Amino acid sequence: MSDENIRFTLNGREVTVPAATRGHLGDLLRHGFGETGTHIGCEHGVCGACNVVMDGVVVRSCLTLAVQIAGAEIETIEHLGNDRDVAALQDAFVARNAFQCGYCTPGMIMTARELLAGNAAPRRDEIRDAISGNLCRCTGYQSIVEAIADAAETLRETASD
């Protein structure tokens with residue numbers, strides 16, 4: 001298979017790179033750009049560890065062909081470090097011990113950020129539904145649900161200040 005040059009925006013900067021016709025976005029991000037926060041877990045779109053944001057929507061980078069992102073805007077967990085919502089989520093995940101091995105955490109944060117962007121006050125069942133596509137083998141999910149609820153509360157409080 002031949003490579004095709006693709007141009008896209010990665011974490012706020014325009015890039016052009018050759019991408020293998022059948023290469024996945026997750027592999028391109030990790031091996032081509034060193035964005036190792038994008039974890040490749042199941043490679044079948046089941047675990048959510050490889051979640052990234054494409055044009056404002058969370059997608060599975062293991063199911064997205066790199067050539068499909070031409071012209072797109074891609075955000076990885078590394079780029080979100082200064083994001084207010086992500087900071088609140090990270091603080092809540094630490095406070096609630098909502099991660100143990102940390103492998104699922106970047107994908108969980110990406111999913112939770114998308115949830116909170118569309119729902120400032122999610123109920124626990126809405127949080128569970130939102131993260132149902134993300135697998136965690138360590139925490140049992142309750143601490144993750146509580147952390148996301150705490151972050152939502154923090155963000156609502158700071159928005160009203």
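1. Strands β3 and β4 (residues 57-60) pair in the antiparallel sense, over 4 bridges. This is a predicted model. Within the pairing, V52 has V59 of β4 as its bridge partner. The hairpin of β3 and β4 has 2 residues between the strands. D55 takes a positive phi in this hairpin, near 50 degrees.

2. β3 also pairs with strand β5 (residues 73-75). These two strands run antiparallel and are joined by 2 bridges. Opposite V53 stands E75 in β5.

3. Are the residues of β3 buried or exposed on its two faces? Strand β3 covers residues 51-54, and both of its faces are covered. N51 and V53 lie on one side, V52 and M54 on the other, and all are buried. In a regular strand, side chains alternate between the two faces of the sheet.

4. Now the helices. Two packed helices are described by the angle between their axes and the distance between the axes. Helix α2 (residues 84-95) packs on helix α5 (residues 142-159) at an angle of about 135 degrees. Their axes are 8 Å apart. Angles over 145 degrees count as roughly antiparallel and 65 to 115 as roughly perpendicular, so α2 and α5 are oblique to each other. Their crossing is right-handed.

5. Which residues make the contact of α2 with α5? From α2 come R84, D85, A88, L89, A92 and F93. From α5 come I144, A147, I148, D150, A151, L155, T158 and A159. By class, this contact has 10 nonpolar, 1 polar and 3 charged residues.

6. The axes of α2 and helix α3 (residues 105-118) come within 10 Å. They cross at roughly 125 degrees, which makes α2 oblique to α3. This crossing is right-handed.

7. On the α2 side, the contact with α3 uses D85, V86, L89, Q90 and F93. The α3 side supplies T105, M108, I109, A112, R113 and L116. The residues of this contact divide into 7 nonpolar, 2 polar and 2 charged. D85, L89 and F93 of α2 take part here, and D85, L89 and F93 are also among the residues that touch α5.

8. Backbone phi deserves a look in the loops. Most residues other than glycine have a negative phi. E43 is not a glycine, yet its phi is positive, about 60 degrees. E43 lies in the loop between α1 and β3. Y141 is another residue other than glycine with a positive phi, near 75 degrees. Y141 sits in the loop between α4 (124-130) and α5. How accessible is Y141? Its relative accessibility is 28%, so Y141 counts as partly exposed.

9. Last, R22. Where is R22 found? R22 is in the loop between β2 (13-20) and α1 (25-33). Its relative accessibility is 60%. Exposed means over 50%, so R22 counts as exposed. R22 and T64 are 42 residues apart in sequence. In space, the two are 9.6 Å apart, C-alpha to C-alpha.

Definitions and conventions
Residues are numbered from 1 along each chain as its sequence is written. This is a predicted model: local features need pLDDT of at least 70, side-chain atom pairs count only at pLDDT 80 or more; totals for chains, interfaces and linings use all residues. Side-chain values use heavy atoms; hydrogens and water are left out. Axes are lines fitted to C-alpha atoms, for helices over the stretch in contact, and angles run from 0 to 180 degrees between N-to-C directions. Angles under 35 degrees count as roughly parallel, over 145 as roughly antiparallel, 65 to 115 as roughly perpendicular and the rest as oblique. A crossing is left-handed if the near helix is turned anticlockwise from the far one by less than a right angle, and right-handed if clockwise. Contact means heavy atoms within 4.5 Å. Ala, Val, Leu, Ile, Met, Phe, Trp, Tyr, Cys and Pro count as nonpolar, Asp, Glu, Lys and Arg as charged, and the others, Gly among them, as polar. Buried means under 20% relative accessible area, exposed over 50%, partly exposed in between (1.4 Å probe, protein chains only). Two strands pair if DSSP finds at least two bridges between them.
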